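Visitor: I would like a close look at a single part of this model, with its surroundings taken in order. Please keep to what can be read from the coordinates.

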Amino acid sequence: MKNKIVYILLAACVFSFNSCVDYLNQTPDSVAFTDEQIFTDYTKSQAFIDQILAPYCYFDDNDLGNNMDSKYVGATFNGKRMYGLRESITDNCIPNQGSNWHPKQPYRWGNFFGNYYDGTYFQEGAEQRFNDCWKAIRICNMAIKNASRITNGTTEQINGIVGQAYFLKAHFYFVLLEGWGGMPFLEEPLAADANMDLPRLSYTQTAQKIAETLDKAAQYLPLVVEDKNWGRPSKMAALAYKAKTLLWAASPFANPTGDNTLWTSAAVAAGEAINVAENSGYYALAPFTEFNNLFVNPKTSTYKEVLFGRLQANQPIYWTPIWIGIQSDMFNGGSFNGAESVTENLAQSFQWADGSTVDPNSNKYRTDPYTGRDPRFYKTIMYNGATNPMVANLSRTVEIWNESYNNAVAKELKVTAQKVAVNGFTYTGYYNAKLCDASFATPPPSRTISILWNQIRLADLYLFYAEAANRAWGPTAAPQGISGFTMTSAQAVNKVRARAGMALYDGSAAWLQTGDATQFEEKIRNEYRVETAFEEKRYYDLRRWKIMLDPSVLIQKGVYIKKTGASSFEYTVVTLPDNLQLKWQDRHYLFPIPYKNTQLGPNFTQNPGW
Amino acid sequence: MYKKKVNKKLNSLRATLLLLFSVFLVTVSAQNLTLNGIVVDEKSGESLPGVSILVKGTKIGTVTDINGKFSIKVSSASTLNVSYVGYKSQQVALQGKAFLKIVLSEDSKGLDEVVVVGYATQKKESVVGSISQVKGSDLMKAGVTSVSNALAGRVPGLVTVQATGLPGSNDSKIYIRGMSSPTGSGTPLVLVDGVESSMNDINPSEVENISVLKDASATAVFGVKGANGVILITTKRGQEGKMEISVSYDQTMKQASTSSIQQNAYNTLVARNELYRNKNYYNLILSDQVLNHYRDHDMPYVYPDIDTWNYNVKDFTMDTQASISARGGTANAKYFLTLSYLHEGDIVKDNQTLYDPSYKYDRVNYRMNFDFNLSKTTKLSFSSGGYVGTDSHGGDYGVPAKVLSNMLVSPPYTTPYYYPESFVADHPSTIYPNISGRTAGTLIPYTIPASIDYIHNQTGTVRSMRDRLTTDINLTQDLSFITKGLNAKLSVSYNNESTWRGGGYAYYGEYFIYKEIGNSYEWERHIYDKTNSLSPIQNPYQSTISQYGSPFKSLYYSAQMNYARSFGKHNVSALGVFSRRNSQSGSSFPHFEENWVARATYDYDSRYLLEANLGIAGSEQFAPANRFGYFPAIACGWNIAKEKFIKENLPTLNNLKLRYSYGEGGYDGTNGFLYISEYANWKSIQTGTSQTQTNLTTVTEGAAPNLNARWERSIKNSLGVDIGLIDNKLTCTIDLFDEKRDGILTTRRDVSAMFGQSMKAQNIGVTKKHGYEIELGYNDHVDKFFYWVKGNYNFNENRIITYGDPAFMNDYQKSQGKPIGQIYSSQNIGYYQNMDEVLNYSLGQNNLIIGGDKVLDFNGDATTSNDAVAIGFTTRPNTTYSFSAGLSYESLDFNFLFQGVTGVSKSFGNYTNPMWSYDPVDSYILLKGASQTDVWSPQNTNAKYATWGGYNSTSKGIVDASYLKLKSIELGYTLQRKTVKSLGLTSARIALQGSNLLTIAPGYILGDPENEGSTDFYGGDYGGSFQFYPLPRRITLSLKLTL
């Protein structure tokens, strides 16, 4: 009996020996999907590339202070927490002066490492953005590499994944390019044990690689994405991005010698893109009446102008641009700090409606500066005397003035006893109106709003073409090498001006003459600034045009407004206090590369000056 | 009188049993001489009943009677073999005598002759591995309640660190031959009766012996778990004979080894005023009038002067330990049963009348070990043991040490702690608190750490229950019918542990806020509650709050074949084991292991020894190709003393053995399936326009897999020599060792952002280590005066060879070339002597003041960042030593153990500041011994400390944590056998034991240098290294009786 027990146990033991392979072949519960499960399945492969589109993660979405994701809390610039508009680190507006002022101020002072709090805040943030671009590039490379493994997708579906992956890869390389300069170009995901000290390509080489990648994307993507897919890239987006990339490569910062072949290839790419857009039967500029819908509560027409954008659809009320636009006790009980004060610098770049430039010393400007301006002025800037539905509700116009003949108190501007604007209110005499939902009579207790941050719209493309063609062939010369396309630089600018109702650059007035390429370039740049104000584009234009250190950019101005009578005012242009000025240096044309990446070896080098 | 009778009955019973037993062995036959004699014990001189006497070369024999006497008929030229359990056997030549007094001496070396090794035992003289063994009875000398603490100083090569004295959690961390890897805990594998378990919560009285396996030949059979060394704990088992009942009772008085570190309120506030002056905080300076109140103690509830530590910490508290065990059995059934109880008390006073928020631990241990002979060739053993423990502590959840460390650093002027009954009655008002109205004289401020009462009495009690039950069943079958010397063993073990916590913020305590009204003052009474500021007092335990548990279970089974046989002088043995283990913590995915082990030994005449081991270990954590690790080891030994030329020429050299081993071991420092790529659902996205919104789920990749992941490997060499001289009175063991660890699993640090993903650990790290151990002992006796001395000295040092440092990293920041656990710090370089220096060398720091500490800008980047360099030693000592000695004379015995470490540093940061603050507003304390004359002034520019408020630790915060401790001391009295008998007992002993009574630690400021900060959840928030529960000093009265 006893021996039997032993033998049974021994037998059980032998049995278990045989099953030893099974015993150690385990898959933990925590692994939801294996590599095989993801990349052989169409839906999961699409979901894999789709992760890049998640809000506030890879894209540098401006979420306007929404705390949806603690990692990316607040709006971000370059990955760092920042309330309000990124535009407020340029010469278009200054940051609000409340408690959220500090995160932006170091940028204005050129301190990308310095920190109001503990010296590491910004460095970590910069690292975050830099890392996120590379993470997105890895995802794209994995999607491209594995696309052929899909067993249950149509060719069209698989092409869609490949096209999206190429486009997004190009996009994030472009973000790296304009932020940090030339980068190594990875054709497939790096192995975990790979040497990662790779040499950097030049700015031009990287731009060329991005353009090639966009060519591939264009092969696979549909010209117009279906409505339900809006937010995914189209062939049009790829073509427009290619033009943008090549323009960046041709611009003065990357092209100090003024190599004309770079301008020509940018112009050709932009021209081809416009040609495709205009012949598509879909893409078109939105009517000027719906100009603000390009940004807030988009309409069908505005989707046709936006070539690639990020939509934050049907979001709760705290997303409303009152956070970033007007700041007034009329609207929010006076407790918010979200106001961005628009600079006089930007205000002055809006021409008179006849196309002539403003002279701040003229009597007209000193007494009545806000009538007869570029129609876009009224859709972009909130000024003293402006009408606004929220104020109209109170049967008056917007009141912004520093001093009054009868000691009255301004409603939209609060000043201290020392006549200094109170935190959260304008320091310059202006507010941002472009991103305001004009339909707000009062802040409604509950409703939703959609915000559309366009990365590139058709108006951009016209002006990109104008800028490149002006340099390549001259302001009014016909393009070369684009079959069936004859638009000149000036005609492209006029497309944008015509929509706004501005006088065109073909009239007899002196200020409507294009002049030579250099003079016309100034006009194109001004046009771009006016057309795209507050669209988060200005900072990188200052970089690529290499004008960050120009006095006209660095010196920030505002307007001092004195109410001289019941309906008369005196406007004086003033230079803003020192702490609101821009203080940049040569090294700020590129961000510093997070330190640890340059420690790996001799090849991956730091940017100059850091 | 009655007891004597009982005693006689017991003895007669015993004699009868022995007599019956001897019938089987002895055949009596007539001879020509009748020899009478008596057998006595050497030490006590008392007679020994039941000793067996056998005439050499015959079957003639007898046993001694109850009075130790015997009578036997023999021829006058005979020689007698005299043997008795537990005593050394003797051969006595009659030489014609008719009466013999035979003196037997106890065989204390009985245990040493057999050494427990992995999966088996070996004769000590045949052991070639580096193994140290400690007897359970030695552990009992330490006067402590934990096995790991008792091991301190008793094993060469063992580094022990008792980090905390917290009741129920005060076990030491143990490192064998120091640290070898910068990852993982570095602690050894512990097996209790052959099954992986924890050393904690085992009652030392259950332990028969402990084997510490240090080199690769000893640990190779444990494969991937053996790299950090192995500790084998063997529990007591039954032995043939009458039931032996042992009872022990230990009563311990203990006190904190840390004492108050701060000065009184007046001195502190005078210095604080100076600090405020230095920092230009003129509005915070206290007037002389207020200072005088603090000095004169005339308004003690407004201007208190309380030494928080002394106020809250008891002078001493009690631990109690009691156990009862029974062992005995017959030839076919043996048993060992034990039950024990432990109570560990708290050193914190309980000022709370409604419930007890103190720290304490109560534990009941139990064990049943049975051995049965099922047949002549089949043995079954069943062992089951475990404990049930309950600990409770006040204070915040999961931060048990916070209260105590806060007491140490709580400013003396913030709270009076106690209000007389009449005082409370006079001021019953319950108005809402007005925190903003607080002044320096305000009572019970909210800020931590000042409000000890807030933490201690107002956050309730956290109770945790934990238990363990381990059950092993072993079946051994002798297979001699196949071939002689072969047997097989099957084992199954099931281990279940769990921890349950409950309790939480329950009690809503009272506090008072001071209100000044003109020249008078009054109190506002408040009741604190986390959610409402006013609330009735509730039941102190709210078990529904924060309850959680973490069960752990493991199932182990193994099959083992053993072979051992001698062919003349050739001795061979072989062993093969197959085992599997499946363990699971909570609801996490279980861990699977599979091991194949083989060992073969050969020796010739115990003179030339050879051993080969192979461990093959498998885990589910690695890809199939790398799933099994192979860990071979070989060892050889030479017992030189057994050679003829030594025996003839050096007869005093009893033992001289050379040992050498080489082998590999592994470390399973992994968690997570390194080879599996993981994808999971992620955030949702929206596509479509605002009119056609579509929600979609996305998928994201987890950390990038490492398809080539394999076990960490350690390669060890060990060379040892054992020497015994003059009847083994003088013994010496010297071991030299080195180790190289490669493939240490760690995440790459030379990773560029362009990889774009986190990654799983790779086999990157390489370290090396070397060291030596020397143990010297001498024991002898002069008549009845026995004495022994013993000492060991151990040194080990290690270096990181590779740890994935980026190539262009500055050398001073690389791990490479530095020891594991190296402390880094920037360096202090004198003081800011004048305003020019402040302005020219600010390094971007704010609030610099003249006379403040200056920090070296090591890398010259004009900031204080990235300036830390290696300073001091590591956090684990590189040298340990101990010295112990004992003596006994008749019934008295005495022994002590000193243990020390050197080559260890600790980082104390700002806690070395003579005047420092938890709370930057006003909670300063002034360390004892710090005075105005020690601080910088324009007249004293080279002072010991910076000017008040200008302290900036860095390298000043790194302190030498070397110490020498009187770890244990014991004075014992063993009752005379006669006295014991008269009490009806077999033996009785009473002892006075001391533990940790004396610590010499020059250059250490805060308490005991062995004490470490807790690494609990809130560790960082309140100053990490300063959060500890002090180690206790203990004096124990120990009573042990055997029936």
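Within what distance do the axes of helix H9 (residues 235-250) of chain A and H17(A) come, and at roughly what angle do they cross?

Guide: The model is a predicted one. In it, the axes of H9(A) and H17(A) come within 10 Å and cross at roughly 35°. The crossing by which H9(A) passes H17(A) is left-handed. On the H9(A) side, the contact is made by A:Met236, A:Ala240, A:Ala243, A:Lys244, A:Leu247 and A:Trp248. H17(A) contributes A:Leu461, A:Phe464, A:Glu467 and A:Ala468. By class, the residues of this contact divide into eight nonpolar, no polar and two charged.

H17(A), which spans residues 458-473, also packs against helix H19 (residues 517-531) of chain A. Here the angle is about 165° and the axes are 9 Å apart. The two helices, H17(A) and H19(A), are therefore roughly antiparallel to each other, an angle over 145° being counted that way. Their crossing is left-handed. From H17(A), the residues in contact are A:Ala459, A:Asp460, A:Leu463, A:Phe464, A:Ala466, A:Glu467, A:Asn470 and A:Arg471. H19(A) meets them with A:Ala517, A:Phe520, A:Glu521, A:Ile524, A:Glu527, A:Tyr528 and A:Glu531. This contact of H17(A) with H19(A) has eight nonpolar residues, one polar and six charged. A:Phe464 and A:Glu467 of H17(A) are listed in the contact with H9(A) and also in the contact with H19(A).

Two of the charged residues between H17(A) and H19(A) form a pair. The side chains of A:Arg471 and A:Glu521 meet in a salt bridge, at 2.8 Å from N to O. This pair links distant parts of the chain, with A:Arg471 in H17 and A:Glu521 in H19, 50 residues apart. Over all chains, the count comes to 76 salt bridges.

Back at H9(A), there is a further partner, helix H10 (residues 260-278) of chain A. H9(A) and H10(A) pack at an angle of about 160°, their axes 8 Å apart. They are therefore roughly antiparallel to each other, and H9(A) passes H10(A) in a left-handed crossing. Among the contact residues of H9(A) are A:Leu239, A:Lys242, A:Leu246, A:Ala249 and A:Ala250. Those of H10(A) include A:Leu262, A:Trp263, A:Ser265, A:Ala266 and A:Val276. The contact of H9(A) with H10(A) has 16 nonpolar residues, one polar and one charged. A:Met236, A:Ala240, A:Ala243 and A:Leu247 of H9(A) take part in the contact with H10(A) as well as in the contact with H17(A).

Chain A also meets chain B. In that interface, 70 residues of chain B are in contact with 72 residues of chain A. About 5,800 Å² is buried between the chains, with carbon and sulfur atoms giving 62%. One salt bridge is counted between chain B and chain A. The side chains of B:Glu701 and A:Arg138 meet in a salt bridge at 2.9 Å, N to O.

Definitions and conventions
Residues are numbered from 1 along each chain as its sequence is written. Chains are lettered from A and ligands numbered from 1 in the order in which they are written. This is a predicted model: local features need pLDDT of at least 70, side-chain atom pairs count only at pLDDT 80 or more; totals for chains, interfaces and linings use all residues. Side-chain values use heavy atoms; hydrogens and water are left out. Axes are lines fitted to C-alpha atoms, for helices over the stretch in contact, and angles run from 0 to 180 degrees between N-to-C directions. Helices (H or I, at least four residues) and strands (E, at least two) are DSSP runs, numbered from the N terminus. Angles under 35 degrees count as roughly parallel, over 145 as roughly antiparallel, 65 to 115 as roughly perpendicular and the rest as oblique. A crossing is left-handed if the near helix is turned anticlockwise from the far one by less than a right angle, and right-handed if clockwise. Contact means heavy atoms within 4.5 Å. Ala, Val, Leu, Ile, Met, Phe, Trp, Tyr, Cys and Pro count as nonpolar, Asp, Glu, Lys and Arg as charged, and the others, Gly among them, as polar. Buried area is the accessible area (1.4 Å probe) that two parts lose on being put together, summed over both. A salt bridge is a side-chain nitrogen of Lys or Arg within 4 Å of a carboxyl oxygen of Asp or Glu.
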